[in-house]
Amino acid sequence: MSTAAGSDAPLLHVEELCVEFTIGSHRLRAVDDVSFDIGRGEIVGLVGESASGKSTLGLAIMRMVPGAGRVSAKSMKFVDQELYDLTAAELRHVRGNDLALIVQDALATMNPVITVGEQITQVMRDHGEKGGRSELRRRAVHTFREVRLSEPEETLGKFPHELSGGMQQRVAIAQGLVLGPLLIIADEPTTALDVTVQAQILALLRGIVDDRGTSIIFITHDLATVAEICDRVLVMYAGRIVEAGAVGDVFADPMHPYTRALLASLLPLDGEPPDVLTAIPGQPPQPDEWPTGCRFRPRCPLYQALGEPEACRTTDPLVDETVPHWAACHFVDER
């Protein structure tokens with residue numbers, strides 16, 4: 001597994017993680033045999049189409065998969081402890097203090113009848129932070145300043161609905177930051193924002209990593225966002241990671257046909273736009289409809305161009321996860 005440069009050991013080590021959901025008599029696997037590391041002080045983008053398993057993977061790391069879900073892993077070690085060996089009390093301490101989640105819909109995570117100042121101080125109280133009301137308020141103001149909220153003292157007294165979408169997202173980030181976590185899982189935190197506010201939030205997250213040394217798993221479907229702030233990228237399709245590497249390497253030389261198709265669907269930043277937008281044909285398979293062999297095969301232009309090789313139909317591609325840039329494709333050299 002690759003880690004951030006200069007780190008002795010990964011902050012998070014995930015090995016052979018699977019997530020299954022039981023619906024009636026059916027068992028559906030949403031995440032299938034996923035392994036990766038997150039280094040200290042790096043931002044790793046987790047990208048792919050909807051239903052690829054990205055958000056489920058994030059919830060599994062947080063141990064927040066709904067009750068119908070079953071999570072198994074050979075190892076899921078955070079710092080020096082296995083997350084799935086922790087008791088409920090131990091997990092409560094890890095969440096917030098060391099591991100935080102920021103979701104797309106910030107407003108949905110807030111209590112509409114309590115001021116945002118009371119909500120962020122309640123987070124500190126719930127996790128055993130010491131200090132009186134004035135001390136906790138001071139820390140809340142300091143964190144609001146860190147996330148570039150204007151007039152932080154006044155913002156403390158406002159209710160969530162009184163804030164703009166960008167301000168709501170900054171408050172959600174502040175709630176995740178206030179206890180000083182080592183790792184933040186940010187699940188599409190900028191998708192619902194306009195492009196100007198989105199750029200501000202991305203700059204804010206990059207600054208948090210630079211200033212605090214915090215690590216971030218940035219879950220998104222937007223490769224342009226990954227190019228802007230991430231150090232490495234994991235490309236996910238049909239419950240598996242199909243390509244991984246440094247952002248510069250993956251964007252300059254994508255190995256997997258799926259990654260190439262995602263990049264081809266991006267609009268150019270300069271020059272004339274294409275007459276017709278490139279799109280990936282078909283739809284991602286449902287968890288109970290994964291094809292044998294390579295799961296991207298039914299939509300893969302390389303599979304068609306090579307005359308539908310038997311290996312693609314019958315055998316899972318082997319990968320070498322010890323190298324910095326790898327892809328799960330039988331015909332990597334054909335790109």
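Predicted model: local features only at pLDDT ≥ 70, side-chain atom pairs only at ≥ 80, totals over all residues.
Reader: How do helix 3 and helix 6 cross, and at what angle?

Author: The axes of helix 3 (residues 116–126) and helix 6 (residues 165–177) cross at roughly 20° and come within 9 Å. Angles under 35 degrees count as roughly parallel, so helix 3 and helix 6 are roughly parallel to each other.

Reader: Left-handed or right-handed crossing?

Author: The crossing of helix 3 and helix 6 is right-handed.

Reader: Which residues meet there?

Author: From helix 3, Val 116, Gln 119, Ile 120 and Val 123 meet Val 171, Ala 174 and Gln 175 of helix 6. The residues of this contact are five nonpolar, two polar and no charged.

Reader: And helix 6 with helix 7, how do their axes cross?

Author: Their axes cross at roughly 15° and come within 10 Å, with helix 7 covering residues 195–212. Helix 6 and helix 7 are therefore roughly parallel to each other, and their crossing is right-handed.

Reader: What does helix 6 bring to that contact?

Author: Helix 6 brings Gly 166, Gln 169, Arg 170, Ile 173 and Leu 177.

Reader: Switching to helix 4. Which residues are buried?

Author: In helix 4, Leu 136, Arg 139, Ala 140, Val 141, Thr 143 and Phe 144 are buried.

Reader: What do they pack against?

Author: The buried residues of helix 4 pack against helix 3, helix 5 (152–156) and helix 6.

Reader: What comes just after helix 4?

Author: Arg 148, which takes a positive phi of about 65°.

Technical notes
Residues numbered from 1 in each chain as written. Heavy atoms only, no water. Axes fitted to C-alpha atoms, helices over the stretch in contact; angles between N-to-C directions. Helix = DSSP H or I, 4+ residues; strand = E, 2+ residues; numbered from the N terminus. Parallel < 35°, antiparallel > 145°, perpendicular 65-115°, else oblique. Left-handed = near helix turned anticlockwise from the far one by under 90°. Contact = heavy atoms within 4.5 Å. Nonpolar A, V, L, I, M, F, W, Y, C, P; charged D, E, K, R; others polar. Buried < 20%, exposed > 50% of the residue type's maximum accessible area, 1.4 Å probe, protein only.
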